[in-house]
Amino acid sequence: MASCQPPSTTELVTMDVESVLHMKGGLGETSYAQNSSLQKKSMEAIKHIIVDSATDVYASRAPGCFTIADLGCSSGTNAFSLVSKIVESIHEKARQSERLMPEILVFLNDLPTNDFNSVFLNFPEFTRKLKGGIELQEGSAPSVYLAALPGSFYGRLFPSNSLDFIYSCHSLHWLSEVPLGLVDGNGKPINKGKIYISNTSHPAVPLAYLRQFQKDFSLFLKSRSAELRSGGRIVVLILGRRTDDHSDKSATVLWELLDQSLAIMVSQEMVDEEKVDTYNVPFYAPSTKEIEDEVGREGSFEIDFIQAYELNTSTGDPHKDARITSMAIRAIQESMITHHFGEGIADTLFQIYSGLLSEFLVKQELKCPLLIAVLRKPHQT
């Protein structure tokens, strides 16, 4: 084990998630940039909803400058794939209506610890493809301006009434903090051996997670309402649940296999049991009803569209699928895990995890439950 001292229980609960949680940076074998194919696949499945929503907002007002924000852009190439499709669609709409192509300003947002450098390394290739793929208008390519804006989207990021369109993919299931209420009156953990909600969790556990999600999502909506112009839209793609059951297997199975992996390391005296008992992920997979309830409660937006669906991630080879999935989870979770357990755990942990995943996927396919919602800010009356 590494000599780095992991945090105490109190430090974990009050930990500044904003400074710890980030996808694995760089372009190496375990980086998010190299292990985000599952996210790309899900974004490809619903990109038409995002692109059509952005184009509809543009067509309704035809501004000289159309301003977009990607909240939770992460690192790698995925950030540019949607931007490119939105620009192409708006260009076509402008051409059909015989309007000048608007200038497009795109803000890429994520936490300050995000590897923005690896994002912007892809910008020259993005502009080259854009210029080559879009018919030139009046002798010039569309003007696309790109800027990074670090900060938590659980709070204000932009000036009032400054944005036309917002989208957020695979981000809002991450909470602003580990929920309070995961310890008893004596400060002892009540979700021992589990890092997320399970069917054996104390009833207080899912309630604590739900309350944290409600608090965070309400703040997200309130902040975006101030920043979005009337008639603007938000599209949210989020990991969710198919049912009202918080321990819905499809939403918890990957966490439960990580529980089992840590339990194996405890049994082999590679990890302290107490450290496992005090590790909880700042994650929540909501149901469509919970999204609808919070949008209605906060009151700033109307729901144009909301749907739950399943993404089949199978390639037909369970062992290949296990490697892809385990590497993706590692790229997402490694920053939190090493902060809590120390630097020496990741390789062994995810080797065990990949093996358990292989055993699981030989028996059944992994279907990822996702929710997509399109929210509209009504025009002022």
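Trainee: In this predicted model, why is the contact between Arg330 and Glu334 called a salt bridge?

Mentor: The closest N and O atoms of Arg330 and Glu334 are 3.0 Å apart. A salt bridge requires a side-chain nitrogen of Lys or Arg within 4 Å of a carboxyl oxygen of Asp or Glu, so the pair qualifies.

Trainee: What separates Arg330 and Glu334 along helix H11?

Mentor: Arg330 and Glu334 are four residues apart in helix H11 (residues 318-341), which means a separation of about one helical turn.

Trainee: Why is Arg330 called buried?

Mentor: Its relative accessibility is 11%.

Trainee: What makes Lys289 partly exposed rather than buried or exposed?

Mentor: Lys289 has 44% relative accessibility. This value lies between the 20% and 50% cut-offs, so Lys289 is partly exposed. Lys289 forms a salt bridge with Asp293, with the closest N and O atoms 2.8 Å apart.

Trainee: How do you know that Asp304 and Arg233 form a salt bridge?

Mentor: Their closest N and O atoms are 3.7 Å apart. The limit is 4 Å, so this pair is also a salt bridge. Asp304 lies in strand E6 (residues 302-312) and Arg233 in strand E5 (residues 228-239), so the pair ties together parts that are 71 residues apart in sequence.

Trainee: Which residues are linked with Asp304 and Arg233 in a network of salt bridges?

Mentor: The network also includes Asp56, Glu302 and Arg376.

Notes:
Residues numbered from 1 in each chain as written. Predicted model: local features only at pLDDT ≥ 70, side-chain atom pairs only at ≥ 80, totals over all residues. Heavy atoms only, no water. Helix = DSSP H or I, 4+ residues; strand = E, 2+ residues; numbered from the N terminus. Buried < 20%, exposed > 50% of the residue type's maximum accessible area, 1.4 Å probe, protein only.
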